[in-house]
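Dear colleague,

Please find below the structure that I promised to hand over. My notes on what was found in it follow directly after.

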Amino acid sequence: MSKGVSLQVLADMVGGVICGDPEITVFGVGDLATAKEGEITFLLKPSEAHVLRETRASCVVAVEGVEADIPVVQVENPVLAITRIHQFFLDSVPVANQGIAADTLMGKGCTIASSVATCPRVTIGSGVILGERVFLESGVVVGDDVVIGDDCHLMANVVVRAKTILGQRVIIQSGTVIGSDGYGYVYDGKGSHIKRPHVGNVVIEDDVDIGANCCVDRATFGTTRIGRGTKIDNLVQIAHNVIIGQSVLIVAQCAVGGSSSLGNGVVMGGHAAVADHVNVGDGAMIAAKSGVRGRVKAGDVVSGTPAIAHKTWLRASSAFPKLPQLVKEIRRLEKVVAALEEKIS
Amino acid sequence: MSKGVSLQVLADMVGGVICGDPEITVFGVGDLATAKEGEITFLLKPSEAHVLRETRASCVVAVEGVEADIPVVQVENPVLAITRIHQFFLDSVPVANQGIAADTLMGKGCTIASSVATCPRVTIGSGVILGERVFLESGVVVGDDVVIGDDCHLMANVVVRAKTILGQRVIIQSGTVIGSDGYGYVYDGKGSHIKRPHVGNVVIEDDVDIGANCCVDRATFGTTRIGRGTKIDNLVQIAHNVIIGQSVLIVAQCAVGGSSSLGNGVVMGGHAAVADHVNVGDGAMIAAKSGVRGRVKAGDVVSGTPAIAHKTWLRASSAFPKLPQLVKEIRRLEKVVAALEEKIS
Amino acid sequence: MSKGVSLQVLADMVGGVICGDPEITVFGVGDLATAKEGEITFLLKPSEAHVLRETRASCVVAVEGVEADIPVVQVENPVLAITRIHQFFLDSVPVANQGIAADTLMGKGCTIASSVATCPRVTIGSGVILGERVFLESGVVVGDDVVIGDDCHLMANVVVRAKTILGQRVIIQSGTVIGSDGYGYVYDGKGSHIKRPHVGNVVIEDDVDIGANCCVDRATFGTTRIGRGTKIDNLVQIAHNVIIGQSVLIVAQCAVGGSSSLGNGVVMGGHAAVADHVNVGDGAMIAAKSGVRGRVKAGDVVSGTPAIAHKTWLRASSAFPKLPQLVKEIRRLEKVVAALEEKIS
């Protein structure tokens, strides 16, 4: 556990106003269910303030107006505030730089910053550059001529193939493969698909997070690029020559097809897919499970397969279960109308 | 090959009745196509009893009423019976305890049962507890403070991150990552998504199987939990803070979103997804490819995206291809009705 | 960079006709955007011939009729031609056979061709056979009794489990698991699912490519088979006892369910799934995102969940957004018709 600080210090850190004793000492962070005495917790919904009576936390971050028996730090965005406070506590525990494990294997001509740390059984190719405080866990395999910027963290069994370039503070979770060959074949007209050479690379910009067991394919030529601040969940497929903008969110098991592009701030819900050669504009949102086959304009919200405007899709989807009833009604109308026609003629 | 046993021994093991010679000796198990002489096979469908004429097996497990030229062990559930017989033969081959490979790396303060076995190139953190007969294959990486119960089997290149707790007889197949950080971010209002610390863990109860290349994220706080006897296929995503009940079946490439819960006995077909913060009741079934966005009550069977009652979905889906024709019919009706109106007025 | 060759040599290699100087020397291949002086590029669409003015390439492969300031090699299929030329240049760079890394671990009774190469940290079981020029990268784990044919390439952290048989020139990308246990359970009638033993294997024929982080399950009994020349993208699931034909294309995140079969030349778009025990005929196409639950005949093109004829699906999908409007129109018709009935009666 970290050394304690006064609640006032934490409130100042997040621009919060304290209702209650500012001098109590806080030692860590917990959620409502798991917080222990001496910890600070947070309340997501003011309507659930009554549960504060049961927490063992010593103080709480909440929006203005929440009343409690324990001191409250009032802020606009409790989750943002508690995230910053939590990070402060995590950072305040000194981590011994474990250095480079004795069994690290490294090719020729690498440039390794002195603050790099590796767990046992890391394998690094030739011509690799590792920045300050790069941390590579066990089983990581780094290919030739890879560049990894300051403060990157590659978790166990990550594979980063040749020529990949990572910016700063990139986090890649276990099992993910960066720089795999793209799915590019040409038919020879005689029954065989011929593999096209993939000689491009992958560039991942600063502050990108990539989850576990993802794949990011290298470009056929040129670069597959993931823009600054983009966050990718687990089991996601990014195909060759894809260009992803900044601060994009891609939830688990999505796919972005070859040569497609996502603008800045795009959000893809889980299990969504964008086909090959499709442009998705800035700020567009693609609902979970959707299949996008054509251009999505900036700011559009789309759903379904093929993806259509989300509002239209919602209405059509809620009409969908009535379809069999509609068929019956049309059949009835047809009979009635036919009878009417006969009567009148 | 194992030592043979008499058919009577096998029949007794599964509560079966023998039609034919109970004294023949059986040496192993095969399916109809692959069984060799001296092996026992099984028949799934009584209607296919004629194929028994072509098998080389020496005897067969089947339901009552099946006739064959070879001895038949009559049981209620042939697949269950043959599974037990097969397991008996597999267990009867003595496995030499290979012990802990000389190159196993281990941190400080671990508690390792004497019957643990590891393949070469296993990496274990500090404070790890391994129960009796735990078997870790090559490339497995076990984080700090992990607890692995008796008879667990982690296949090659599995990653189990810090603080994970596995019960007994848990099987995790290759490439799966347990305890990855969840996909939890908070927007800072200035264009950046801030990663929330994930300080919870994963608890996997007894007799859970997890397939290859899956991801089970640790909780933000607290625990992501997979209940006793649950069986998970390959490439499945279990997000942070998910609670999965007992004896749940989750087929390949499903996703369960953050903080969602699945009750006991839930079944998810392949490629299905449950959104965040959704509760799926005991015994509910989610059809393959479905996208569940709201609560599913116990025992319900749902399909589609958004998921609706399976029966309704079946009827609506079978009406769906007629939609263009319905449009035409409505257009025709409108004309006819307009003409009628004119005539009458 | 490779040694240069004359453009005439390249044109002859691909049966092309040169417009321009056949004697210029070419040193490599690039696409329009990345090609450097001395390199040959290619034009996909004749309508975009104007961009040739901006390339730095020294010559170009294109279809007949394309005019340019640089020499043009006219061919029928520019992508096929440039792929062959590119492969020629890549092959012309001599690769030093690095041999078997000193730390390679190998069980008993292996048969290893003299031209096999391994990176550090490869683990090989007992009874393994490796053909000529097999190349295994770091972190690869090969199980007992595996056979790997000539010229196979297994990338970092691939797992090939026991008894798998790979033909020649098979490429398996990082993180993929071949021979995992299938998802086969039998319910014991008392609340538990019992794991069925999986004692079959996987056979992968010549010239198959499998992407990153895929899973191919071994058969329960018998063989899971992937036919010659089939190409599989990333994160694909092939279940136990599946039989896949020749020259099949399976795009990212598809699944083929247990005991299903795909005929020769089948194409599955991304995120598509075929249920268990389904037969898909030769040359059938399954659109991206589709869910196939029943037989698909040879040559059929299907879409949607449940999958129907693609043309029908396209028409129905384009009518789908109009569904709420159709409901309104039917309601209006009902009123009008009721009023007419009243008037007439």
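Two strands are said to pair if DSSP finds at least two bridges between them, and helices (H or I, at least four residues) and strands (E, at least two) are DSSP runs, numbered from the N terminus. This is a predicted model, in which local features need pLDDT of at least 70 and side-chain atom pairs count only at pLDDT 80 or more, whereas totals for chains, interfaces and linings use all residues. Residues are numbered from 1 along each chain as its sequence is written, and chains are lettered from A and ligands numbered from 1 in the order in which they are written.

In chain B, strand β23 (residues 201-204) and strand β26 (residues 223-226) run parallel and are joined by four bridges, with Val203(B) standing opposite Arg225(B). β26(B) is in turn joined by two bridges to strand β29 (residues 243-244) of chain B, again in parallel, and here Ile226(B) has Ile244(B) as its bridge partner.

Elsewhere in chain B, five strands form an open sheet of mixed pairing, in the order β2-β7-β6-β5-β4. Its edge strands, each pairing on one side only, are β2 (17-19) and β4 (28-29). β2(B) pairs with strand β7 (residues 72-74) of chain B in the antiparallel sense, over three bridges, and Val17(B) has Gln74(B) as its bridge partner.

As for the copies, chain B can be laid on chain A with an RMSD of 0.1 Å by a turn of 120° and a shift of 0.0 Å along the axis, the superposition being by least squares on the C-alpha atoms of residues with pLDDT of at least 70 in both. The two copies are therefore related as by a three-fold rotation axis.

The contact between chains A and C takes 53 residues from chain A and 51 residues from chain C, where two residues are in contact if their C-beta atoms, placed from the backbone, lie within 7 Å. On the chain A side, α4(A) gives the most, with nine residues.

Finally, a nonpolar core is a set of buried Ala, Val, Leu, Ile, Met, Phe, Trp, Tyr and Cys residues joined through C-beta atoms within 7 Å, and buried means that 20 or more other C-beta atoms lie within 10 Å of a residue's own. The largest such core has 211 residues, and among the members that touch the most others are Ile286(A) and Val292(A). Apart from this core lies another, of 27 residues, including Leu340(A) and Leu323(B).

With best wishes

Technical notes
Buried ≥ 20, exposed ≤ 12 C-beta atoms within 10 Å, placed from the backbone.
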